[in-house]
Amino acid sequence: MERQISNFIRALRSADVKVSTGEALDAARTVAMIGYGDRGLLKDSLACVLAKSEAEKDVHDKLFDLYFAGSNKRSSAQSEAEDRDDGSGDSESGGQDAADAAEQMIALTQPGNEQALATAVERAAEAAGLNDIRFSTQTAYYAQQMVKAMGGEALQARLLDALQRSGAEADADAQRMIDARRALTMAARERAERAFEVFGAGETEKFRDDVAATKRLTALEAHDMARMKLLIAKIAKRLAVKHSRRRKKTSRGILDVRRTMRANAGYDGVPFNVIWRQKKKDRPKIVAICDVSGSVAAYVRFLLLLLYSLKEVIPDLHAYAFSYRLGDVSDILEENEFDGAMKKILREFGLGSTSYGQAWSDFKTDHETVIDRRTTIIVLGDGRSNYGDPRLDLFSGFAGRAKQTIWLNPEGPALWGTGDSVIPRYAPYCNQMSHVATLKDLERAIDEILTSYS
Amino acid sequence: MAKDITSGYEPLTSIEAITAGLGEVGYISTAQISTAVFLAHGLRKPILIEGPAGVGKTDLAASLGRWLDLPIIRLQCYEGLDEGKALYEWKYGKQLLYTQILKEKLNELIGEADNLSKSLGKLADFEDLFFSPQFLEARPLLNAMQQDKGSILLIDEIDKSDEAFEAFLLEVLSDYQVSVPEIGTIRAKVPPIVILTSNNVRELGDALKRRCLHLHIGFPDHVREQRIVRARVDGISDTLLSQLVRFVQSVREADIKKRPSIAETVDWARTLLLLHSSSLDEQFVRDTLNVLLKHESDIAAISPQIPKMVREAVGTDSGGRTASGYPDLG
């Protein structure tokens with residue numbers, strides 16, 4: 001019984017539910033209190049002990065139903081299996097007369113023997129190490145191993161034997177064995193599929209997520225976008241949690257004599273409550289300017305995703321987009337889901353020929369006032385300006401006025417300065433010029449920005 | 001599972017008993033809620049309750065206290081809450097006052113001593129006297145530890161407190177003891193039943209979550225909400241009750257800023273009862289919608305849908321369930 005609960009916890013962990021050792025012990029104590037009798041009660045209780053958020057509760061409930069599927073049949077079958085000697089699964093049938101073993105197996109598949117069949121399948125699953133299943137492609141292999149563990153070879157031998165004989169009786173015999181074999185394989189396969197759902201599905205998802213996170217953003221295909229969006233949401237949430245933490249109030253430093261005296265006037269000036277001088281940090285503003293022109297068409301989704309996730313983490317972000325003309329897109333990002341926001345932005349500003357110079361002069365006329373000494377400017381773009389005037393005079397003006405300027409470039413350093421790229425000319429005015437090509441880079445870049453932000 | 005004979009938790013024998021007991025004091029429980037309370041007692045662990053505002057998180061603690069006849073000790077969290085306000089504080093004023101009174105006495109005492117080390121020794125005795133439980137001002141956490149028959153400790157809106165405070169709570173929550181440097185460790189006579197509530201203003205730390213049982217209370221379903229309103233509002237007719245609850249439930253499904261909580265359903269039921277309406281009607285709903293919805297934009301969003309919602313709430317009533325048949329909750 002203990003094993004049943006620890007395997008269930010393993011399944012939860014593989015599905016990304018964090019279960020600590022302490023919680024596992026709690027689960028065992030809970031089971032000792034509640035028992036396995038009432039499934040509904042057990043589900044509520046374990047949800048209480050093991051799943052610590054709404055999302056985890058959903059995962060837990062789904063896995064619980066899968067894991068304890070056909071509950072009573074399975075649990076009694078498993079306990080029976082555990083009562084016997086470990087590893088008895090194959091040695092037992094191997095040691096006996098092959099004919100007997102085959103007969104036993106045929107008997108298992110007869111109607112009315114479901115209990116015995118379930119026991120045998122459970123035992124075979126144990127012998128084949130089914131709980132280590134990770135990928136759906138492994139189900140066939142494990143099913144085969146399980147049939148073997150149940151004594152499939154003996155059955156195979158008998159079958160060959162019967163096929164070599166002739167006569168109606170032998171034919172019927174052979175047919176009987178073929179049916180039995182099929183039934184056993186079906187049962188094993190079903191069991192293996194269930195095990196995959198419980199133990200493997202989570203791993204596979206994680207594997208796919210890892211692949212998506214390190215894949216180059218330009219190489220991502222349409223069907224990856226859904227996954228990307230989820231990942232970005234996860235990252236945004238993680239960053240928001242990390243950076244929304246308030247700075248701890250410092251209780252050390254220089255004594256604030258004036259305020260201490262005043263606070264302790266009631267105690268005759270004896271300083272019971274000591275007050276320290278605190279440095280106040282300015283809360284910086286972030287201004288993000290995103291290039292959505294034709295030259296970055298391949299990256300545009302990604303740049304906008306970045307802009308969108310920044311907006312989610314930093315509600316008071318000022319966001320601008322441009323290709324030829326520049327405009328404020330903060331409201332569009334605020335009010336729309338990502339897909340809608342992207343379409344709107346591209347319709348209004350998108351995919352024309354770039355002019356950084358024009359963009360800077362638009363910015364200068366309409367929005368320059370948002371930049372002050374607390375502002376961090378983030379530019380998202382490749383710095384390819386169609387050989388137009390890059391208006392370094394304006395850019396250096398912005399950069400000089402702002403606290404810091406960060407440029408995130410989807411192109412690698414090898415391409416900087418080639419063709420119409422004017423990145424090297426902008427670079428001296430930026431505090432940081434980063435190459436951002438994968439989701440991992442993206443997370444790191446945002447993290448860095450936010451670290452200086454808070 | 002060592003059961004403490006002297007504690008006030010004896011009625012917590014089974015999940016059914018908890019549901020029934022909470023029902024007696026007017027709290028309509030669900031299987032999940034009762035299970036969580038049962039486990040909290042059995043495993044000696046705090047319950048962390050999350051869920052939208054106004055679904056009865058705080059009320060669970062209050063009801064438990066009423067039913068078990070135990071003191072409810074409430075600690076409301078807010079930004080900047082620290083040990084001094086949550087755990088204990090020295091009674092500075094009293095210490096000071098006593099020092100003043102004893103000043104002369106002190107002189108006498110020290111005067112008797114012939115040398116410095118002796119007088120220091122005498123002073124040290126006084127110091128121990130001043131930092132003794134007599135001068136300790138118990139705040140909620142310490143107070144909860146000192147109850148003879150146990151207590152219900154409600155730590156409300158833990159998500160509003162600082163992270164440092166959350167970390168500080170860990171000792172209290174896992175060992176049911178607090179450390180006062182000048183005195184030593186004070187252990188709970190009978191561990192309190194601890195209930196923490198959170199509205200998810202910020203994500204709580206893993207360490208805290210690990211130490212707690214987690215309970216999520218969502219908006220109630222139709223049947224449970226009817227039972228709750230019936231328990232809170234006297235003399236409401238079955239027809240009106242069923243109609244108004246159905247209306248509220250359909251409002252919750254709409255896309256609005258703040259979905260009405262149970263408390264607001266109850267307020268609304270009282271309002272309708274005061275106005276002597278026996279069944280839901282469009283005009284009444286329009287006039288009293290501000291009881292249910294607290295944002296101008298929400299009222300504007302729902303207003304055009306009122307005729308349809310009222311029709312649905314009233315229309316399905318004839319063939320619907322009777323209020324007496326409660327299916328198993330949970």
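# Chat on a two-chain predicted model

Student: Which strands make up the sheet in chain B, and in what order?
Tutor: In chain B, 5 strands form an open sheet in the order 2-5-8-1-9, with parallel pairing. Strands here are DSSP runs of E of at least two residues, helices are runs of H or I of at least four residues, and both are numbered from the N terminus. Two strands pair if DSSP finds at least two bridges between them.

Student: Which are the edge strands?
Tutor: Strand 2 and strand 9 of chain B, each of which pairs on one side only. On average, neighbouring strands of this sheet are turned by 20 degrees against each other, direction ignored. Axes are lines fitted to C-alpha atoms, for helices over the stretch in contact, and angles run from 0 to 180 degrees between N-to-C directions.

Student: Before going on, what kind of model is this?
Tutor: It is a predicted model, in which local features need pLDDT of at least 70 and side-chain atom pairs count only at pLDDT 80 or more, while totals for chains, interfaces and linings use all residues. Residues are numbered from 1 along each chain as its sequence is written, and chains are lettered from A and ligands numbered from 1 in the order in which they are written.

Student: OK, strand 5 of chain B. How many of its residues are buried?
Tutor: 4 of the 5 residues in strand 5 (residues 152-156) of chain B are buried. Buried means that 20 or more other C-beta atoms lie within 10 Å of the residue's own; exposed means 12 or fewer, partly exposed is in between, and C-beta atoms are placed from the backbone.

Student: And what does Leu153(B) stand opposite in strand 8 of chain B?
Tutor: Val194(B). Strand 5 and strand 8 (residues 193-198) of chain B are parallel and share 4 bridges. Toward strand 2 (residues 72-76) of chain B, strand 5 of chain B has 5 bridges, again parallel, and there Ile73(B) stands opposite Leu153(B).

Student: Strand 1 of chain B: which residues cover its two faces?
Tutor: Strand 1 (residues 47-50) of chain B has Ile47(B) and Ile49(B) on one side and Leu48(B) and Glu50(B) on the other, all buried. Strand 1 of chain B has 4 parallel bridges to strand 8 of chain B and 4 parallel bridges to strand 9 of chain B. Ile47(B) is the bridge partner of Ile195(B) in strand 8 of chain B and of Leu213(B) in strand 9 of chain B.

Student: Which strands does helix 2 of chain B lie across?
Tutor: Strand 1, strand 8 and strand 9 of chain B, with helix 2 of chain B running at about 165 degrees to strand 9 of chain B.

Student: Switching to the interface. How many residues does each chain put into the contact?
Tutor: Chain B gives 23 residues and chain A gives 25 residues. Two residues are in contact if their C-beta atoms, placed from the backbone, lie within 7 Å. On the side of chain B that touches chain A, helix 2 of chain B has the largest share, 7 residues. The residues of that side divide into 10 nonpolar, 6 polar and 7 charged. Ala, Val, Leu, Ile, Met, Phe, Trp, Tyr, Cys and Pro count as nonpolar, Asp, Glu, Lys and Arg as charged, and the others, Gly among them, as polar.

Student: Now chain A. How many helices and strands?
Tutor: Chain A has 20 helices and 6 strands. Of its 454 residues, 35% are buried.

Student: How do helix 2 and helix 3 of chain A cross?
Tutor: The axes of helix 2 (residues 21-34) and helix 3 (residues 39-50) of chain A come within 9 Å and cross at roughly 155 degrees. The two helices of chain A are therefore roughly antiparallel; angles under 35 degrees count as roughly parallel, over 145 as roughly antiparallel, 65 to 115 as roughly perpendicular and the rest as oblique. By class, the contact of helix 2 with helix 3 of chain A has 7 nonpolar, 2 polar and 2 charged residues.

Student: What follows helix 9 of chain A?
Tutor: Gly151(A), with a positive phi near 100 degrees. Among the buried residues of helix 9 (residues 139-149) of chain A are Tyr142(A) and Met146(A).

Student: Last one: where does Gln404(A) lie?
Tutor: In strand 5 (residues 404-409) of chain A. Gln404(A) is partly exposed, with 15 other C-beta atoms within 10 Å.
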